[in-house]
Structures are given as structure tokens and as C-alpha cells.
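User: Could you walk me through this structure, one question at a time?

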Amino acid sequence: MIMDLLANLANLGHGFTVALSWNYLLYCLAGVVLGTFVGVLPGLGTVTAISMLMPFTFGLDPLEALIMLSGIFYGGLYGGSTASILLNLPGTPASAVVALDGYPMAQQGRAGVPLFMTAVASFVGGCTALIMVGLAAPAIVQIAMEFGAAEYFSMMLLGLIAAAAAASDMPLHSIGMVIVGLLLGMVGMDIVSGMMRFTFGVPIMAEGISFIVVAMAFFGLAEVITNLEPHVRRQVVQQVGGWRSMMPTRDEARRSVGAMLRGTPLGAFLGALPGAGPTIASFMAYTVEKRVSSHPERFGKGAIEGVVAPESANNAAAQTGYIPTLTLGIPGDAVGALILGTLIMHGIAPGPRVISSHPDLFWGLIASMWIGNFLLLWVNIPFINIWIKILSIPYRILYPAIMIFLCIGVYSVSNSAFQLFLLAGLGGAGYLFAKLGCPASPLLLGLILGPMMEENLRRALLIGRGNPMVFLESPISAGILSLCAALLILMITMPLVRARKARKVPGDQAG
Amino acid sequence: MSTMLKDRDVLTGLVFILIGGAFALGAADYGMGTARRMGPGYFPVILGGLLVLVGALIAAKSLWRRRYEPIPDLYWRPAAALALSILAFAVLIDRLGLIAACMACVLVSGLATHETRWKEIIFIALGMTAFSVIVFSLLLGLPFRLWGQ
């Protein structure tokens, strides 16, 4: 046990020597600056940003690409809270909760305090969680090494169901979107028989529908269309004074410490579960904080705990979210799916062997995220007024630029105009699905996991001679499947229970 | 009848049934095989069938409750304008090169909202074209022809 710990520490040290070389530092800095930039801009989410910039990382080495894309992700979470606090307009869903107490503070003319404290809380949450990733990941890998096809299939099923559960409060809609994603993943050449499926004779479709095109269509194009609806309005923002105006009062600082100590482990735990990402972690942390507070009435009016706890939780969750992606090859949310897609694009087979066969990649990434969290403090706090200026760029200037990025990015996927037609079509579909209340991230997850799921299903049933009992004979697989069943039952019954409660006690606000 | 068809969940159900049905029917031709030796049609048929089932459940639930909630308004102007701007890029990139494609893409995208100021959008188009040429073509070395076939 202690030996393992020491070995991991040595590995982490090695990771730092990798991550501190100048090219990785440069991509790390580029990532966090770009991430903060897109996080600050309302109406441009981190998933959008990662998918938009992904094609331009093909030429990099895999670690450079991962470092930069990850930087965009957690940098986006930092930037997202800036927009939340100043505009009451969350830049990313994960920072929506921060607006509840951050925006009232900004209205009181104290915007500097929550802005400063979110940076600190993010740093604490992110760095603490990274240590947990370094410790937990190798242990999980040891278990995952025993996994066969049946276990993998069950695990992927759990990941998809959990993602569906997390994505929306309408379980059937999310499950439907998972299946649509899985079906889109079937497009292309069948690896076993070599048969072309759903390609309509288009040669380029043999490679399947690229997840980049789908991500850009659903998170890029569809988002832009929604943002251009005539009723969407944006407001003007105030500037923030110097260092002095950012300092919390002594009482606030004291209360923040407790909030960080609760928010970080909660977020780290939730982030590691498949399906529960930063967004859920931040909402949960807020709820917990309100419960344990001796003055719950202060929440919603500018309580610093309501800013600090969710912020440390969502950054912790963002980091531990890498655990399932990197150890099992099963992403927990849309960002994980994109990271996994990047690995595959660079020819790295996802799964438990990633850490042992690419130690530089894994430990270098962890170390770089540490460095990135540190860089973010210096990117954010001293330059806060620049970020606020960026926040007030009108959308009518921004969206044509986004369109160029989308077009060039999608075209570069295979240097073919066909992908652009696909983008336009899928973007329209994404807009329609958004109107129907169907969430996009389960679809993306399904798309990436689809081919792997089919492969493992085939292999498991081949081993089990066509008998589906093979999934229940292995205790691990049986355990995971019973979790799936429990989760499904919970998903279906929860809305019913809630509806009944609401009907029984009209006007009750205790919940 | 018309409120029923405009209902969000009924529409969602129909969309899922259509997609699932199309995939399942298409996949049925690919050869099912057996559970032990699955053909290329096996998994898609199962998935398509499941999607039809999910769609039917969503629609049925809504029809059963008879509490219809209309789908939010779809705005055709931004959707059509942005699709058009992508198509413009797609058509021009292989024929006239990156510069023409970028200019057209930005200018057409200006149709998406009435907030557009046309003088401004010309500057954005010039700026983004210059940016794309410098960053994507020169710095990142993506294989674009700048001008001409």
C-alpha cells in the first residue's frame, strides 16, 4: 500500500518533468487562456469550444493535444463563473449555481470578492482532486485489468444510463438520445463483416460519422442558432476595482474555508461517478452548503459560501471526471467523450492499459493540469478587467467568427466538403432536438461508445455461446448490471414520486 | 388534433419512432446472424426497436395525460441563414479556395439576425478571412488552396 503510494508519487514527479518542458507549458497556457476566453463569453460553452478547436490539434503530439483541450475545459469553468457573477448569465451550465449568490454580490457593488474567491476555490478544488486522481486511477486500473468483454459491455451500459439520468429530468428523452447516438455510431463499415451500414453509397461515410462533426453540429451550430433567436438579450457590465476591492471580509474568509472543505470532496466523489459531472456537483454542493449553514436565509442574497462551495466542487469534479475516461475508457460526460475521442484519433486504444503503456501521457497530463490550475490564478485575477471587456463583445460580431471556426474545423476532419453538408444537416437536427427538450450530451456519448459496445457485446456472446447469461455469470458484470437496473428504476420512479408529492401538498416550499 | 400534434412529447415520440424504425428496417437487410455469431444487422435492429419503443412510450404518456404543451417556436431565419452560410463555404472551398469561402461564409451568416450591421459585417468578413489565412493556412499549415482551384 505504502509502496504503491510512493510509486505513484514518483510517477507524478516524473509527470512534472514531462509537463514542465516548454512546449507542454505553452500548450497548457494556450489552453487555459482560450478556455477562460470562451468560458467568459456567454453562449459559447466549453464543449463547443473543445469540439471547435479539436481539429486543429490533429497535428500535435497526443499529449500536447490533451493538455491544450483539457486546459480549455477547466479554464472554461473558471471563465464561466465570471460571466455568471457579472451578468447572471452562466457561461457554462456548471457555473449556473454560482450566479445565485455571486450576482447579488455584484449588484451590491462587490463583484471583486466573488470573482477572487471563485478563482481561489477553483484552484483548491482542482488541485486537491488531482491528487485523488493520481492515487485512485492506478488502483482502479488494477481492477479493470480483470475486465472481459461482458464486464466492459455492462460498464458502458452503466455509463450511458448514468449519463442519461444526469442529462435531463425527462429520463425517456435522454435514453432516446443515447440510442440515437448509438445508432449513429453504427454508420460506416462493420468491422467484423466489412459490410457498409447506412452509408448510402457515399465512400467517405465508410469511416463512420465523425464525433467531431456531431459535436460541432449539436454544441456549436445548434447553440449559435438558439442564441440568435430574436428574444435573447444581453446586458452591460460594470468594471471591478483593484486588489483591495477583491478581498473578502475576515468573516467571509473564515466561512469560505469550511465551504471549500465540504465542496471539494463532494465534487471529487461525484465527478468520478459516470454521468455525474461538474454541473451536478456544483448544484449538490450548493444544496449541502445551504443545509449545513446556520443562516440559510442568507443564501441567494450574496452568501460567499454559495459561491465558494459550488465552485470548488465543480472544479474538483472536472478533474476526477478524468478517472473513468482514462482508466476504463468510459467517459462520464460530453467532455470525457471528446477527450476519449482525441485519444482514439491519435491512435491510443482507450482502456486500463493507457496508464501503463503511456505513462508519460497520463502522468504528464495530471501534472499539467496542476500547472494549469496554477496558471489560471494568474490568468484570471490580475487581468479580470480585460475578461470583463471581452464579456461585452456583442454576439453579432462573435457568431460569424464561430461560423468560420466551425466550417474550417469540420472541413479539416477529412478535407472534404461532404462533412460540411453533414454539419448543416445535423445542426438543424440538433436545433430541433433542443426544442423538443432532448439533451445532446447523451447522444454524443452514445456515438462514441456505440462501436465499442457492439464489439464487446459480440465478443461476450461469442464466448458465452450465444447465451445472454454470460453477463450475469461474472460477479462484476452482474453487480454492474444490477446497478443499471436500480438506476433505471430510480430514473423512472423519481419524477412520479415528485409529481405525487407536489400534488399532495400544494404550495409547500420545504423541498 | 392540431394541439395534439404540436405537443412536444408527441412530436419527440414520433421523431424517435421514425429514426428507430428507419434504422431497424435498414439494418434488417444487413443480415441478423445469431446471438452467438452476430451479423451486421443484429445490434442496429435491437437498438432501432428499442428507440421505437421509447418513442412510443413518450408519445403514449403524453396522449394518456392529455396535458399538451406545444413545442417552443422554431426560428427559421437563423437556422436557414447559418445552414446557407455553411453551404456557401462548402461549395466555394473546393472551387475558389479559402479566401472566397471565408468571405462568403461570413457575409451570408449576416442574414441570420436583424441586428446585423452590413458595414460592420464586411469588416468582420475581411478580418476573419485574414485571420484564417494567417492562422490556419500559414501558421497551422492546413492544406487549403487560398485562391483558385
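Analyst: Happy to! What covers the buried residues of helix 11 of chain A includes helix 4 (62–87), helix 5 (98–107), helix 7 (149–167), helix 10 (250–272) and helix 12 (305–320) of chain A. This is a predicted model, in which local features need pLDDT of at least 70, side-chain atom pairs count only at pLDDT 80 or more, and totals for chains, interfaces and linings use all residues. Residues are numbered from 1 along each chain as its sequence is written, while chains are lettered from A and ligands numbered from 1 in the order in which they are written.

User: Which residues of helix 11 of chain A are buried?

Analyst: A residue is buried if 20 or more other C-beta atoms, placed from the backbone, lie within 10 Å of its own. Helices are DSSP runs of H or I with at least four residues, strands are E runs of at least two, and both are numbered from the N terminus. In helix 11 of chain A, the buried ones are Pro278(A), Thr279(A), Ile280(A), Ala281(A), Ser282(A), Met284(A), Ala285(A), Tyr286(A) and Glu289(A).

User: How far apart are the end C-alpha atoms of helix 11 of chain A?

Analyst: The expected span is 1.5 Å times one less than the number of residues. Helix 11 of chain A has 15 residues (278–292), so it should span 21 Å. The end C-alpha atoms agree with that, being apart by 21 Å.

User: At what angle do the axes of helix 11 and helix 12 of chain A cross?

Analyst: Axes are lines fitted to C-alpha atoms, for helices over the stretch in contact, with angles from 0 to 180 degrees between N-to-C directions. The two axes, of helix 11 and helix 12 of chain A, come within 8 Å and cross at roughly 145 degrees.

User: Which element of chain A gives the most to the side that touches chain B?

Analyst: Two residues are in contact if their C-beta atoms, placed from the backbone, lie within 7 Å. By that rule, 52 residues of chain A are in contact with 58 residues of chain B. With 11 residues, the element of chain A that gives the most to this side is helix 18.

User: What percentage of the residues of chain A count as buried?

Analyst: Chain A has 22 helices and 2 strands, and its C-alpha trace spans about 70 × 60 × 50 Å along its principal axes. Of its 511 residues, the buried share is 58%.

Notes:
Buried ≥ 20, exposed ≤ 12 C-beta atoms within 10 Å, placed from the backbone.
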